[in-house]
Structures are given as C-alpha cells and as structure tokens.
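Please consult the sequence and the model shown here while reading.

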Amino acid sequence: MFWPVPSEPSGAIVVLVRRFGEVRLRGALVQVREDLRRRRNLEAHAVTAGALACALLSVFGDLAPQGLRWAVLTSGVALLVARAAASERTPSSLLGNRQAIEDRRLGKRLSTAREVWLFAPSGKNVLTSPNGDVLRRHVLSRSDADVRVVVLDDGAEAAVRLATRQLTEATRFPGQPFPDSLRTAMSCLRGLASARHAGAFRFRVYGFNPGFSIFAVDPTASDGAILVELHGVRNGSTADRMHLWLTRLEQPQWYDYWCDQFRHIWATATAPSD
C-alpha cells in the first residue's frame, strides 16, 4: 500500500522541512564549535571553510582566484587520501595487555611529547628509571612542556591499605608491595619537583583508588593519545591487566571522556604534604 503524494506540498510540510533543516544546521554548528574547542578534526574544518569561501565568492561573480580554487581542491583530495590511508592501517585504538601497549613504542612517543598527564595509584609502571630520564632530558627540557602527575596520597592510611588489597593481594604473582612502590614513586616525584626544568612539572595526591590508571601523551593536541589501564579484581600479574590505547582521531568520544576523567582528578587532588 502506497500513501498518495500530494501534487503540491502543504504549508505544514514546508514548515516541518524548514525546521528540520534548521535543527540539523544548529546541530552541525554545535559539533563544529565543540571540535574547535577540543582541537579535533581541524584539517577537515579548515578545508570545509575554504570550500565554503570559494562557493560564496562564486555566487557574487568570478571573485575566487583560480589558484585558490586549486589549493582548496587539492587540499580536500589530500585530506581524503590521508583519511583513507589511515583507515587501512592497523587501528591506533588497541585493546591488550601491557606488552601489547609497549610494542606501540610508547617510550619513543613520550620522547617527543610536550604535554604529559599521569594518574595512577603509584605510577611505578610509568615512573621507571628510563621513563624518568626521558621526562627530564626530553620533555621537561622544552620551555612549553607541561607535565602533571597524580598518585595516591601516601598519608591516607585507609586508602593505602585498600589499594594494597586491590593491587597487591589480588594478584597471584605480585611484584613490589604497593606501599613500597608508592614510597618509591613519591621520592621520584619530589626529586623531579625540586629540580630545575625549562618546562613545568607539577604533582598532586588523591584520596582513593578508582580502579584505573590514565597516561596521556599530548592530550590536548590533535594527534594526542591516551593509555587507560583497568585494574580489575583478580590478575595473574600486573602486566595482565586490560589496557586501552585511544587516539583523538579514531575514538573522539571516549578520548574526551578519559581526558575529562583526568581533569576532574587533577581539579580535586591536593598538594602533597612535606
């Protein structure tokens, strides 16, 4: 059964179509504004803006120079080719254990970073001697560097006991006991904080363990990446925990989610006691 199609659209239909278009346009503008605020899809928006400018200039005559038209056209084609090539590569978003993440050459990515965020109960798996050396020699040697670290408050005895139960006692083959690793981390962080760097280094402490760790490299940049480690309730070893590698380009929703998680933790964390 087919519905009869009127020969001329009624006024109500015209109004509905017009309002639908306005809603879609407002939604698109909101999305563009959000992308610009979070610095994502900037290349696509730049090419789109150039194409719209050329279209508007064409409406009022042949005002767009031919060179500009070709520049916009070739930029659009290059962007499409780059996106297509990226989609054919191994996805940057990755589920795996710690070995799988380390195979992504995390240390190499860290050496070129200008912004680093870390939240972890002790951070012992990131605040290793090699990574600490990379932070000092490479990241913090840049004047525009910004490194923020949050670990569990070593003065919160109840939180430390609970974290020990979660992270050490719930592991079949535990490594260093959590209180010891936290003391080591605090010593390392205090050393970094007291040293002189070209860049900015800050660290704070948190009152409880929420069950995950966050390690972000250049999180506010368009090519930023975030590593999330989920602690779980039972593991063979710490290396067996589920790790999630996210990039702004491929997982923008969840990338922004974990960025906001760290921002909340940083805003509610406190300065360490002396």
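At roughly what angle do the axes of helix H7 and helix H8 cross?

## Basis of the report

The model is predicted, so local features need pLDDT of at least 70, side-chain atom pairs count only at pLDDT 80 or more, and totals for chains, interfaces and linings use all residues. Residues are numbered from 1 along each chain as its sequence is written, and side-chain values use heavy atoms, without hydrogens and water.

## Helices H7 and H8

The axes of H7 (residues 157-167) and H8 (residues 178-194) cross at roughly 115 degrees and come within 9 Å. Axes are lines fitted to C-alpha atoms over the stretch in contact, with angles from 0 to 180 degrees between N-to-C directions. Helices are DSSP runs of H or I with at least four residues, and strands are E runs of at least two, numbered from the N terminus.

In this contact (heavy atoms within 4.5 Å), H7 contributes Val160, Ala163, Thr164 and Leu167, and H8 contributes Phe178, Pro179 and Leu182.

## Strand S5

In strand S5 (residues 212-217), 6 of 6 residues are buried, that is, under 20% relative accessible area with a 1.4 Å probe, protein chains only. Phe212, Ile214 and Ala216 point one way, and Ser213, Phe215 and Val217 the other. In a regular strand the side chains alternate between the two faces of the sheet.

S5 pairs in the antiparallel sense with S2 (residues 115-119) over 4 bridges and with S6 (residues 225-230) over 6 bridges; pairing requires at least two DSSP bridges. Val217 stands opposite Val116 in S2 and has Ala225 as its bridge partner in S6.

Terms used: Buried < 20%, exposed > 50% of the residue type's maximum accessible area, 1.4 Å probe, protein only.
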